[in-house]
Structure formats: C-alpha cells, structure tokens
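Subject: Structure for you to look at, with notes

Dear colleague,

Here is the structure I promised to pass on, and my notes follow below it. Please keep it open while you read.

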Amino acid sequence: MRKIFDAQQIRNWDAYTIAQEPIASIDLMERASIAFTDRLLSLFSDKDFTIFCGKGNNGGDGLAIARMLVAMNRKVEVYVVDYSAQASPDFVVNYDRLTSLTTIHSIKTLKDFPVIGQNCVVVDAILGSGTNRPVEGILKDVIQEINQSKLPVISVDIASGLYVSQPIARGNTIIQPDYTLTFEAPKLAFLMPQNQLYVGEWECLPIGLSREYVQNTSTSFFWTDMVSLKKRAKFSHKGTFGHALLAVGSYGSIGAAVLSAKACLRSGVGLLTTYIPACGYEIMQSSVPEAMCQTDPAEKELSVCPDLEKYTVIGIGCGLGKSEKTKAFLNVLLRQVKSPLVLDADALNIMAEEADMLALIPAKSVLTPHPKELQRLIGTWENDFEKLEKVKVFSQKYNCIVLVKGMHTAVVLPNQEVHFNSTGNPGMATGGSGDVLTGIITALIAQGYSSEEAAIIGVFKHGEAGDIASQERGQMAMLPSDIIDKLRW
Ligand SMILES: NC(=O)C1=CN([C@@H]2O[C@H](COP(=O)(O)OP(=O)(O)OC[C@H]3O[C@@H](n4cnc5c(N)ncnc54)[C@H](O)[C@@H]3O)[C@@H](O)[C@H]2O)[C@@H](O)CC1
Ligand SMILES: [K+]
C-alpha cells in the first residue's frame with residue numbers, strides 16, 4: 001500500500017527531500033531526468049526526439065533530458081515555449097548547461113511551431129505538477145498542435161495542463177499523451193476515469209524522495225499495489241474459516257449464483273451455503289458440489305428469509321432480480337440480519353428504490369455497485385472528484401464500505417480513506433465479473449478479515465486473477481470463470 005499525495009504535499013515532499021537528504025534541488029532534477037531518459041530509451045530505442053519545454057521545473061527536466069540524449073548522440077530537437085518572462089532557477093541552470101551543446105529553439109507564436117519528423121517521439125515537458133490554471137495563449141496553441149500531430153507523445157511527470165489533485169473544467173486544453181512517466185508516486189489525477197485521455201499508459205519512476213516524509217504525512221488516498229494475507233494456522237479446521245451464506249440467483253440468472261459460489265469457495269471460505277430459488281437446485285448441486293444448497297419455497301425467485309443465525313457473513317444480490325417477492329424477502333432479511341452483508345447488483349437496486357432500507361444496512365457491510373447502481377444510491381455527479389466525495393459521505397453515514405468499480409476500483413471506507421486498486425484490466429468489464437468479486441469478498445469476511453481488509457484485498461486479488469487470465473486468453477476471450485480459475489492465495 002502506498003500513499004497518494006496532493007499537489008501541495010508533492011511540493012513539500014520535494015522540499016523535504018532537498019532539505020533532509022540533503023540533496024541540491026538541481027541534483028534531484030538530474031536524478032529525475034536520468035530515470036526518465038533511461039525509461040524513455042527502453043520504450044523507444046530507435047526513435048528521434050522532439051522535446052517541448054515550459055519554463056518551470058518540468059521544463060528544466062525537459063532540458064536535462066535533452067542534454068542526456070545529446071550526450072548519447074541521439075537526434076533531439078528542443079523547443080522552449082516562451083509563455084512567460086519568468087523561469088525557475090533550475091530551468092535556467094539546465095538551459096545554460098544545454099545551450100553550448102545544441103540549439104534551443106524558442107516558440108513565441110504559433111509560426112515558430114516546427115514540422116516534426118515522422119520518426120519522432122514528442123516529449124512533453126511544458127507544465128508539470130505546478131499546473132494551477134487552464135492554459136491560454138501560446139501554451140494552449142502548442143498543446144493543441146502537439147495533440148493534432150498524431151505522433152507518440154510521452155509526458156514528463158504529468159500531462160501539461162492536467163491538475164494533480166483537482167478536477168479539470170470542461171474545455172481545458174491538455175496534452176493527450178500515449179505515456180506518462182511520473183516521478184516517485186502515482187498522482188490522483190491518473191486514477192480518475194474522466195482523465196483517461198490525459199494520462200495514457202503510466203508508470204512511476206523512483207527518484208529517492210524521502211521515506212520519512214511519507215511516514216509522517218497523512219493522506220486519505222492510497223494505492224494498493226500489494227496486499228498481505230493471514231497465514232492459515234496449521235491446526236485449523238473448516239470452522240476456523242467461517243460459514244458464509246450466499247443469497248443469490250433467480251430464474252435465468254442461476255449462473256450468477258454459481259459464479260459467486262465458486263469464487264467464494266476458491267477464496268478459502270470454511271463452509272458455504274447457497275440460498276437460491278428452487279429452480280436452481282440441481283444446477284447448483286451439480287456444478288458446485290462443495291457448497292451446501294438450501295432452496296426458497298418459490299420456484300423462480302427468493303421470497304422467504306431463511307434462518308440467518310449461524311452465518312458469519314452473508315453475500316446477497318448476484319442475479320437476484322427485483323420482483324415484489326424478492327423485495328419483501330430483502331426487507332425481512334435486513335431486519336433480521338446481525339452479520340455484515342456483501343451487497344451487490346439487484347440488492348443495491350432494490351435498496352436504492354426503497355430509501356428506508358438503506359438505514360437497515362448492518363454496520364461494516366460492503367456495497368459493490370457498478371456505476372449505474374452507484375448513481376441510484378448517491379445521485380449524479382459533476383466529476384470524478386465529486387463522485388468520490390459523495391461516496392465518502394454515504395460511506396460515513398451508513399458506516400459501510402463502498403466500492404466505486406472501474407479501471408482503478410476505489411474502495412471507500414467509513415473512516416474516509418479511499419484505496420485505489422492497481423490490478424485488473426478491461427477484459428474484466430463483462431457480465432459475471434462482479435458476481436465473482438462478491439464471492440471473494442464474502443469468503444474473506446467469513447475467514448475473519450475485517451470488512452475493510454476484505455474489500456481491499458478482494459478487489460486486488462480479483463484484478464490480479466483477471467490479469468493472469470487476460471495474459472493467457474486475451475482480454476476479449478477471457479470469462480469471469482477464468483478469473484475464478486486463476487485465483488491464487
Ligand atoms: N526539485 C523538485 O522540486 C523537482 C521537481 N521536478 C519537476 O518539477 C515539476 C514541478 O515544477 P514547478 O513547480 O516549477 O511547476 P511546473 O513546471 O509545472 O510549472 C511552472 C510554473 O508555471 C506556472 N503555471 C502553472 N500553470 C500555468 C498555466 N496554466 N499557464 C501558465 N503558467 C502556469 C506556475 O507558476 C508554475 O509554478 C514536476 O512536475 C517535475 O517535473 C523534478 O525535477 C523532480 C524534482
Ligand atoms: K509535462
């Protein structure tokens with residue numbers, strides 16, 4: 001798990017490292033530029049480079065990168081966008097270091113914008129984490145030209161024009177890079193779905209910023225890049241790992257019930273009972289023989305709440321449908337349940353329609369809505385930052401954990417922490433993936449993980465298994481059952 005900092009904290013992190021390591025600011029820039037150049041050359045070994053620089057430290061990086069490429073006899077053209085009379089001190093030092101080695105062109109008006117060679121990669125070092133307002137004038141013109149160039153673009157630290165930790169306004173002009181190589185840690189902006197055009201593929205380049213600063217600085221945003229699991233005790237028995245109930249399925253959606261059950265069993269649950277409509281009995285017994293199966297008196301839907309006493313945790317919603325009988329079933333269940341719930345799909349849709357049911361959600365339940373279901377719960381949002389704020393309010397109000405599912409699923413905790421997931425791929429965006437996730441999280445809670453841990457770990461392992469499945473089958477061919485198949489604990 002890593003901390004994600006906002007723009008001001010990143011500035012402080014640089015300053016703290018400079019003061020405490022100690023290292024001169026210009027040497028830190030040199031370190032960053034070496035890391036960038038190394039990676040740039042491993043990505044584009046046979047390309048030429050056109051580097052556009054601003055006049056702050058991001059531009060300083062661009063000039064240092066240019067100097068390193070020149071020293072390696074690479075073909076490099078360097079342009080400084082002359083949008084301001086001011087330049088940062090480290091920019092000036094790097095300008096002086098480069099000027100005797102190669103021509104540094106200046107862009108004052110659009111007429112100065114070059115014709116870029118077709119073998120070129122464009123390096124965007126115009127604005128970095130210091131971007132604090134929409135670009136205008138020549139900056140805007142240059143960014144538009146670069147975006148229209150159709151050449152590969154790689155941004156230094158962050159795309160010029162994008163804010164590190166604030167929403168962008170509609171109509172802002174921002175570089176649309178193919179890659180972003182960012183220094184040290186992920187930026188909040190990269191994790192927001194609305195920014196996907198302005199990030200491209202991204203990775204972090206370590207530049208040795210202070211670890212002490214990280215320890216001493218609090219944040220509510222985290223990046224889950226690894227998880228730790230509890231060891232299964234040698235003298236354990238099936239009772240050690242909990243008894244989960246999955247209340248799932250309806251006529252035509254017994255497959256969802258089966259997927260959630262298989263995923264739950266593949267995630268270490270001690271005992272699993274599935275509670276399904278009568279029509280699913282033979283399907284469940286023959287496809288998931290490891291699960292016990294209890295059926296509802298109704299043939300096609302869940303209608304009567306079973307005895308819930310013995311269950312450690314209950315997963316509910318996958319393939320449930322929204323019939324009147326099922327709504328009544330859910331209402332009774334919410335009034336009787338004492339354990340946390342993992343609530344998915346139609347369980348959430350029913351609750352969104354019957355607002356008084358939300359108040360009945362047991363403490364520390366986990367809600368796993370997809371975007372449409374989320375909207376039914378929290379209303380609409382202007383941008384992804386506002387969406388997260390609304391989810392935080394909901395999570396605190398109902399003392400529950402809420403997943404904002406997507407490319408980097410966010411797990412929002414009642415203590416207002418947001419944990420972004422690093423695993424997963426678009427091959428998982430297919431019906432049934434969510435049922436698998438519900439099964440996994442249910443199993444983890446059954447085994448004694450806190451609901452917070454279960455959600456964070458479950459999302460990570462679900463994505464990790466999805467990544468293995470996509471490597472083997474490809475994103476288009478992989479199925480949710482492949483995700484179950486690739487789970488490794
Ligand atoms: N020692 C350090 O602090 C390090 C900084 N590094 C680089 O420095 C960058 C941050 O540098 P700066 O803080 O100088 O900021 P930038 O280089 O992002 O921007 C320069 C200045 O431009 C102005 N500006 C912001 N938005 C503007 C806009 N829309 N139109 C016109 N002017 C605008 C601001 O006054 C800002 O300070 C990082 O992204 C990274 O690339 C790296 O070299 C690593 C070390
Ligand atoms: K940049």
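Which domains does the domain assignment give for the protein chain? There are domain 1 (2-219) and domain 2 (238-485), with bounds that come from an automatic or database domain assignment. Before going further, please note that this is a predicted model, in which local features need pLDDT of at least 70 and side-chain atom pairs count only at pLDDT 80 or more, while totals for chains, interfaces and linings use all residues. Residues are numbered from 1 along each chain as its sequence is written, and chains are lettered from A and ligands numbered from 1 in the order in which they are written.

The centres of the two domains, taken over C-alpha atoms, are separated by 41 Å. In the contact between them, 5 residues of domain 1 meet 7 residues of domain 2, where contact is counted if the C-beta atoms of two residues, placed from the backbone, lie within 7 Å. On the side of domain 1 that touches domain 2, the residues divide into 4 nonpolar, 1 polar and no charged (Ala, Val, Leu, Ile, Met, Phe, Trp, Tyr, Cys and Pro count as nonpolar, Asp, Glu, Lys and Arg as charged, and the others, Gly among them, as polar).

Next, the sheet. Seen in strand order, 4-3-2-5-6-7-8, it is an open sheet of 7 strands with parallel pairing; helices (H or I, at least four residues) and strands (E, at least two) are DSSP runs numbered from the N terminus, and two strands pair if DSSP finds at least two bridges between them. Strand 4 (104-107) and strand 8 (201-205) are the edge strands, each pairing on one side only. Strand 3 (residues 76-81) pairs with strand 4 in the parallel sense over 4 bridges, and Tyr79 has His105 in strand 4 as its bridge partner. Helix 5 (residues 137-148) lies across several strands, including strand 2 (48-53) and strand 5 (120-125), and runs at about 145° to strand 3, with axes fitted to C-alpha atoms, for helices over the stretch in contact, and angles running from 0 to 180 degrees between N-to-C directions.

Just after helix 3, Asn73 takes a positive phi of about 60°. Helix 7 (residues 254-265) is mostly covered as well, with 10 of its 12 residues buried, Lys262 being one of them, and what covers them includes strand 10 (243-247) and helix 14 (433-446).

Finally, some backbone details. Most residues other than glycine have a negative phi, and most peptide bonds are trans. Glu21 and Pro22 are joined by a cis peptide bond with omega about -20°, and Pro22 sits in the loop between helix 1 (7-20) and helix 2. Glu184, in the loop between strand 7 (179-183) and strand 8, has a positive phi near 70°, and Glu184 counts as buried because it has 22 C-beta neighbours inside 10 Å. Gln416 has a positive phi near 80°, but Gln416 counts as exposed, with 12 C-beta neighbours inside 10 Å.

With best wishes

How values were computed: A residue is buried if 20 or more other C-beta atoms lie within 10 Å of its own, exposed if 12 or fewer, and partly exposed in between; C-beta atoms are placed from the backbone.
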